[in-house]
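Please view the sequence and the structure first.

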Amino acid sequence: MTELDLEQTGALWWLTVALVAALGLVVGSFLNVVAWRVPRGESISHPRSACPACGHPVRARDNVPVVSWLLLRGKCRDCGEPISARYPLIEAATSVLFVLVLWHFGLGIEFVAFAYLAALGVALTSIDLSVQRLPDVLVLPAYIVLLVLFGVACALSGDWWPLARAVIGGAALFSFYFVAALVYPGGMGFGDVKLAGVIGIALGWLGWGPLVVGAFSAFLLGGLAGIIIMAVTKSGRRTRIPFGPWMIAGAAVGVAYGDSVWDAYTGTWA
C-alpha cells in the first residue's frame, strides 16, 4: 500500500468516525424524547417537542444537539426557564458511545447491533434513574432486534455457534436474575430480569468471558455505588437504588474488557 493509499484510508476512517459521531448526536436527541415521553405513555412521534414550562414548541434552530443548548445558555428562548443539562449530556454520551462501538467493532452488523444496544442503554439508564422503571416497550423488542441481526451475521459467515451461544447466554442470565428476583424481590425487579436476557444475548454472542465478566461487573459496580450512596446521603439499607444502570455499565465492561479479563483470570489457573 502506497503512502497515498494510507492517507486516503486514514482520511476515510476519520470521516467515518465523524459521521458516526454526528449520528450519535442525532440519535441522542431522539433518546431525550424517548426518555421523557415513554414513561408517561406519550407518543414519541407527535406532537413536536415543546418547553415543559411554557409549552412553546421548540424551534428547529434550537433543536441542534448540544450546540443549541450551549447557545441558549441552558435556558428556554421564550420563557427563560432552565433547560436540564441532561439533554446535552445524553446527546454527547450517545455520540461518544457510538464512536467507541465503531472503534471496537468496525463497520458491520456488530456495529449496528451494539450501537443499538448502546442507545437502548442510554435511554433505559435515564428512565430508570428518573422513575425506577425499565419499560417493556423498550426492552422486549431488543430480543428480536439482536437475534435477527446476529442471525444475519451467522448466515453470512456460515458459523451458527455464536448465535447458539448468544441464546444460551440470554437464557442463563435471564434465569439467574429470575431466581434472584424470586428470592429477594425487594432488591430485584422483573424489569431487571427482562433486561438481563437482552444483555445475556449480547454478551453471549461475544463469548463466555464477556458474559461472565459483564454479569459480575454489574453486581460489583452496583454494590460499590450502593455503599457510596448510603455513605454520602446517610440513607438506610432499605433505600431503593435502581439496578438497571449498573447492569448496563457492567455489560459495557464485559464488551470492552471481558475477553482480556477472562483470559487473565483463567491463565492464572493454567
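## Basis

This is a predicted model, in which local features need pLDDT of at least 70 and side-chain atom pairs count only at pLDDT 80 or more, while totals for chains, interfaces and linings use all residues. Residues are numbered from 1 along each chain as its sequence is written, and side-chain values use heavy atoms, with hydrogens and water left out.

Helices are DSSP runs (H or I, at least four residues), numbered from the N terminus.

## Helix 4 and helix 7

Helix 4 (residues 109-131) packs with helix 7 (residues 190-206) at an angle of about 150°, and their axes are 12 Å apart. Axes here are lines fitted to C-alpha atoms over the stretch in contact, and angles run from 0 to 180 degrees between N-to-C directions. The two helices, helix 4 and helix 7, are therefore roughly antiparallel (an angle over 145 degrees). Helix 4 passes helix 7 in a left-handed crossing, meaning that the near helix is turned anticlockwise from the far one by less than a right angle.

On helix 4 the contact (heavy atoms within 4.5 Å) is made by Glu110, Phe114, Leu117 and Leu124, and on helix 7 by Leu195, Val198, Ala202, Trp205 and Leu206. Of these residues, eight are nonpolar, none is polar and one is charged. Ala, Val, Leu, Ile, Met, Phe, Trp, Tyr, Cys and Pro count as nonpolar, Asp, Glu, Lys and Arg as charged, and the others, Gly among them, as polar.

## Nonpolar core

The largest nonpolar core has 58 residues, and Phe114, Leu124, Leu146, Phe150, Tyr177 and Trp205 have the most contacts inside it. Such a core is a set of buried Ala, Val, Leu, Ile, Met, Phe, Trp, Tyr and Cys residues joined through side-chain atoms within 4.5 Å. Elements giving two or more residues to this core include helix 1 (3-37), helix 5 (136-157) and helix 9 (244-267). Helix 4 supplies the largest share, 12 residues.

Beyond four places in sequence, Trp205 touches several residues, among them Glu110, Phe114, Phe150, Cys154 and Arg165.

Phe178 lies in helix 6 and counts as partly exposed at 34% relative accessibility. Setting aside neighbours within four places in sequence, Phe178 contacts Phe190 and Val193. The C-alpha atoms of Phe178 and Val193 are 5.6 Å apart, although 15 residues separate the two along the chain.

Ser217, in helix 8, counts as buried at 8% relative accessibility. Buried means under 20% relative accessible area, exposed over 50% and partly exposed in between (1.4 Å probe, protein chains only). Ser217 touches Gly250 and Val253, not counting residues up to four places away in sequence.

Note on methods: Angles under 35 degrees count as roughly parallel, over 145 as roughly antiparallel, 65 to 115 as roughly perpendicular and the rest as oblique.
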